[in-house]
Amino acid sequence: MEMESGCDLFGKLKNGFLSFKSHKYMENLERYQALAKGQAPKFMVIACADSRVCPSTILGFEPGEAFMVRNVANMVPTYESGPSETNAALEFAVNSLEVENVFIIGHSCCGGIRALMSMQDKAESSSFIRSWVTVGKNAKLSTKAAASNLSFDQQCTHCEKESINNSLLNLLTYPWIEEKVKKGMLSLHGGYYDFVNCTFEKWTLDYKGSIMNGKTRVVVKDRLFWC
């Protein structure tokens, strides 16, 4: 029964691939052959690994339009934190592909943020998840300070957005990112997808405003709501 179930699952994937090949690949053969020779995406997207929040499905990215990395809770560690797949992807996207936009996309009901908010500060653990989500500890601290009167669920919602802004600030710790932002060659954006109500919020980091704020709090501009 398990084997049959597995075959059914991969049968669905096979049908999906063949449909893609017939209705997208073959009908846009010239485009896909051009992509085989190289890529020049305008966006790098950092999104959550959550199965419910695929950026291509939500925002309509086509192949070649966005270089993507997905991790637990869409976090960006600081430059000083050392190597990770996220900052390796950042280095390639910004320095080699020369993307013009880095877009961090968070979402509602995020399990990674809930894990962050649930952690006891002094608890010891060998959990990989705990080690990773501590990247967002500053977002947790600012959430506790600003939303201590709210319920735990409401605090998690607050932290989901606060963590995006924390990661935007972390992006500025990378010298080669900050240099391009300063020169106007690169823009940093945050986005929040509420899949309960199917709304999307987008904003852009105001670099000059954040610098004047000492890079301790994000100053944003161009905030838009899509609903």
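At what angle do helix H5 (residues 111-118) and H8 pack, and how far apart are their axes? In this predicted model, the angle is about 110° and the axes lie 9 Å apart. Axes are lines fitted to C-alpha atoms, for helices over the stretch in contact, and angles run from 0 to 180 degrees between N-to-C directions. Helices (H or I, at least four residues) and strands (E, at least two) are DSSP runs, numbered from the N terminus. Residues are numbered from 1 along each chain as its sequence is written. Local features need pLDDT of at least 70, side-chain atom pairs count only at pLDDT 80 or more, totals for chains, interfaces and linings use all residues, and side-chain values use heavy atoms, with hydrogens and water left out.

The angle of about 110° makes H5 roughly perpendicular to H8. Angles of 65 to 115 degrees count as roughly perpendicular, under 35 as roughly parallel, over 145 as roughly antiparallel and the rest as oblique. H5 and H8 cross in a right-handed sense (near helix turned clockwise from the far one by less than a right angle; anticlockwise is left-handed). Contact means heavy atoms within 4.5 Å. On the H5 side, the residues are Ile 113, Arg 114, Leu 116, Met 117 and Ser 118. They meet Phe 152, Asp 153, Gln 155, Cys 156, Cys 159, Glu 160 and Ser 163 in H8. This contact has six nonpolar, three polar and three charged residues. Ala, Val, Leu, Ile, Met, Phe, Trp, Tyr, Cys and Pro count as nonpolar, Asp, Glu, Lys and Arg as charged, and the others, Gly among them, as polar.

Helix H7 (residues 137-146) also packs on H8 (residues 152-171). Their axes come within 8 Å and cross at roughly 135°. H7 is therefore oblique to H8. The crossing is right-handed. H7 residues including Asn 138, Ala 139 and Lys 140 meet H8 residues including Gln 155, His 158 and Cys 159. The H7 contact with H8 comprises three nonpolar, seven polar and three charged residues.

The model also contains an open sheet of six strands, ordered E2-E1-E3-E4-E5-E6, with mixed pairing. Two strands pair if DSSP finds at least two bridges between them. Strand E2 (66-71) and strand E6 (220-226) stand at the edges with a single partner strand each, so one side of each lacks a neighbour in the sheet. Neighbouring strands are turned by 20° against each other on average, direction ignored. Strand E5 (residues 199-205) runs antiparallel to E6, joined by five bridges. Phe 200 has Trp 226 in E6 as its bridge partner. Helix H4 (residues 85-96) lies across strand E1 (43-48), E2 and strand E3 (101-107). H4 runs at about 170° to E2.
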